[in-house]
Protein chains: 2
Amino acid sequence: MTDKARPTSRDVAREAGVSQATVSLVCGGKWHGRVSERIATAVRDAADALGYRPNLAARNLRTGRTKTVLLIVPALTNQYYARLYTGAARVAAQHGFGVVLYPSPADGGPARNPFGSAPASLDGVLASSMAADVLADFDDGGRPLVMLDSDPAHSRAATTVNLDVADGMHQVAEHLLALGHRRITHLAAGVESWTFAVRSRALAAALEGTGAELRTVRAALTMDAGQRAAERVLRAPGPRPTALLCDFDVLAVGALKAARRLGLRVPADLSITGFDDLTLASAVEPELTTVRLPAEEVGRQGMAALVSVLADGRVDRPADVAVSLVVRGSTAPPA
Amino acid sequence: MTDKARPTSRDVAREAGVSQATVSLVCGGKWHGRVSERIATAVRDAADALGYRPNLAARNLRTGRTKTVLLIVPALTNQYYARLYTGAARVAAQHGFGVVLYPSPADGGPARNPFGSAPASLDGVLASSMAADVLADFDDGGRPLVMLDSDPAHSRAATTVNLDVADGMHQVAEHLLALGHRRITHLAAGVESWTFAVRSRALAAALEGTGAELRTVRAALTMDAGQRAAERVLRAPGPRPTALLCDFDVLAVGALKAARRLGLRVPADLSITGFDDLTLASAVEPELTTVRLPAEEVGRQGMAALVSVLADGRVDRPADVAVSLVVRGSTAPPA
DNA sequence: CACACCCGGTAGTACGTATAACTCCCGCGA
DNA sequence: TCGCGGGAGTTATACGTACTACCGGGTGTG
């Protein structure tokens, strides 16, 4: 309310009758055995009185670290990634880190020049496997990188945090088999990605030797694409599949709409399963049987690993995050 | 590939055989009439050769500006805000600004000390009205502030960008009236907020003198809350409303589930309308008649206004963003 | 021919902080 | 008494950039 200019540590020093260095020590929290309790409180009082906030830019310049990490995800409008962000941001905040999002191409961001437009220098990077294309021409300047849901073997990441989607697929397959399904179509994501490749392999493995017939159809990442693909499958000549196993909830909802349009009852005539357990999954009728992916947990563990690397260079071992099948109303024994 | 340390402008200067000042001028883009074309290209070549990137921290320190703005929204897991972010981030990127998100309490962020944990100093703030509680004890240090969907009269914002929700409510009301509905219940958001207050007033005004009976019930911001509130309404003694007008899609989906559970057909026995037009709205059966809120556009215009203020101090006039009714399958004439 | 002016570039400095190195002083053991 | 260790603060400096003030020299002009 007095000066418009923000007070500096030097102002605080003058106010408290000490040197600027002392202010820095006290505010930096590392004054144990360096500054007496009496002086420390005096400094803090002065800082409060002036409303002092350290200048982040100056601190960053001096220390070479920014306490900021970059999170790369394909699109926040996908609730999975919004949740992932939420978990990551919470952990980051607990450790005094800020999170900036890479403005992905899908969101209309710049297709290239990643760090040119980055709002600040970065200490580290947390990246989803779905953003692999972005990462390819990404000059990370040798900063620590933690990958989420990506091939542990094939990356320059310090470590990885992966959902155990193979187990998820196994659970879905077991569920459908137990219900008696023998003609299953996999409505798969039509995109190159480690996580989807793993799902396909796991599904094939789970059905191996059970006598179940597996077919695969690919669809783009939208509800409409899922609906169209499902319609094609359900209209095809020959025996209809009794279950549609979808790579993610949005596809499953599209399939649900397709079934309805064709006059098929779900789950009586056709079982449908999803993957993600978004809000969407329990909004539709019938509610989707799906695999719950704890996105927040992935974000939390990934950020925890990254923070750990940044703090003491200690590299966590690749972590797996458990998933669980949620059985709801979209699956039942075949007619 | 040579030194691990990042090259500085001084390194580039040495490489190009010029002074550091010249490098700064060239890279800063303001060398017209100051540096010859020949030298400029030499500098750029040297910069490219070394892989030079300006140190943001140093630049921020020097200029006092960070090219970073803060976006405050309640929760990114709400698709409306994810879309808003997307629009805002795109415009910001076009102007060379980065966007950081305020880790909101709803996401588990720190309840207070906003700037203490902020990842960087900020040039300006873009805030949703729903985040008013956060904003209350927000030391913005006198930075430019643009508010979204908030009372234009009652804030210290430079300007505001508001959805024309009053018009949206009018359109919904007209639609229901035209279908013949006369007993309408407003399933309202149980939260203090300018945008919801406007909606309630607009609805009351639209039904004024039409002979239609309006009742209001409040619910929290979740699907479950919407379902419970709708069940109460639909189970209440006396004549049942023929239409449920909901303040946002998630509530409407809850209402849809309630209707289904009570054996009511939508829209034959009960019409339901939403507000937002999220992915959700066209995922459910029947698809929701709702008001499409162009969240990206709000983000874009809000960010554009903020950038404009930051660039030349020119304050835009408060802007209104048009909304439109989307008629789908959840409304029909009453039985 | 002298002077002013502008073009093209450089030297120097300040931004605010963190921290290494240093000074001062007090107490204690030899 | 002297030296020495260490507690308590201070001095000084560097981080990398942007930008003001300056300077040399070529050119047009009076």
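1. Two residues are in contact if their C-beta atoms, placed from the backbone, lie within 7 Å. Helices (H or I, at least four residues) and strands (E, at least two) are DSSP runs, numbered from the N terminus. The model is predicted: local features need pLDDT of at least 70 and side-chain atom pairs count only at pLDDT 80 or more, while totals for chains, interfaces and linings use all residues. Residues are numbered from 1 along each chain as its sequence is written, and chains are lettered from A and ligands numbered from 1 in the order in which they are written.

2. In α4(B), the buried residues are B:L56, B:A57 and B:N60. A residue is buried if 20 or more other C-beta atoms lie within 10 Å of its own, exposed if 12 or fewer, and partly exposed in between, with C-beta atoms placed from the backbone. The three cover an arc of only 100° around the axis, so they sit on the same side of α4(B); the arc is that of the directions from the helix axis to the C-beta atoms. The cover over these buried residues includes α4 of chain A. Exposed B:R62 and B:T63 are on the face of α4(B) turned away from its buried side. After α4(B) comes B:G64, with a positive phi near 80°.

3. Chain A has eleven helices and twelve strands. Of its 335 residues, 50% count as buried. Among contacts in chain A with a separation of 6 or more, 71% are between residues 24 or more positions apart.

4. Helix α1(A), residues 9–16, has A:S9, A:V12 and A:A16 buried. Their arc around the axis is only 60°, which puts them on the same side of α1(A). An α-helix has 3.6 residues a turn, so residues three or four places apart point the same way. The buried residues of α1(A) pack against α2 and α3 (37–50) of chain A. A:G17 follows α1(A) and has a positive phi, near 75°.

5. How do α1(A) and α2(A) cross? Their axes come within 8 Å, at roughly 105°; axes are lines fitted to C-alpha atoms, for helices over the stretch in contact, and angles run from 0 to 180 degrees between N-to-C directions. The two helices are therefore roughly perpendicular, a label for 65 to 115 degrees (under 35 is roughly parallel, over 145 roughly antiparallel, the rest oblique). A:S9, A:R10, A:V12 and A:A13 of α1(A) meet A:Q20, A:T22, A:V23 and A:S24 of α2(A).

6. DNA strand C has 28 residues around it, of which A:T8, A:S9, A:A21, A:N55 and B:S36 come nearest. Near means that the C-beta atom of a residue, placed from the backbone, lies within 6 Å of the molecule or strand. The largest share of this surface, six residues, comes from α2(A).

7. DNA strand D is surrounded by 27 residues, the closest being A:S19, A:A21, B:T8, B:S9 and B:A21.

8. B:Q171 counts as buried because it has 20 C-beta neighbours inside 10 Å. Leaving aside residues up to four places away in sequence, B:Q171 touches B:V291 and B:L325.
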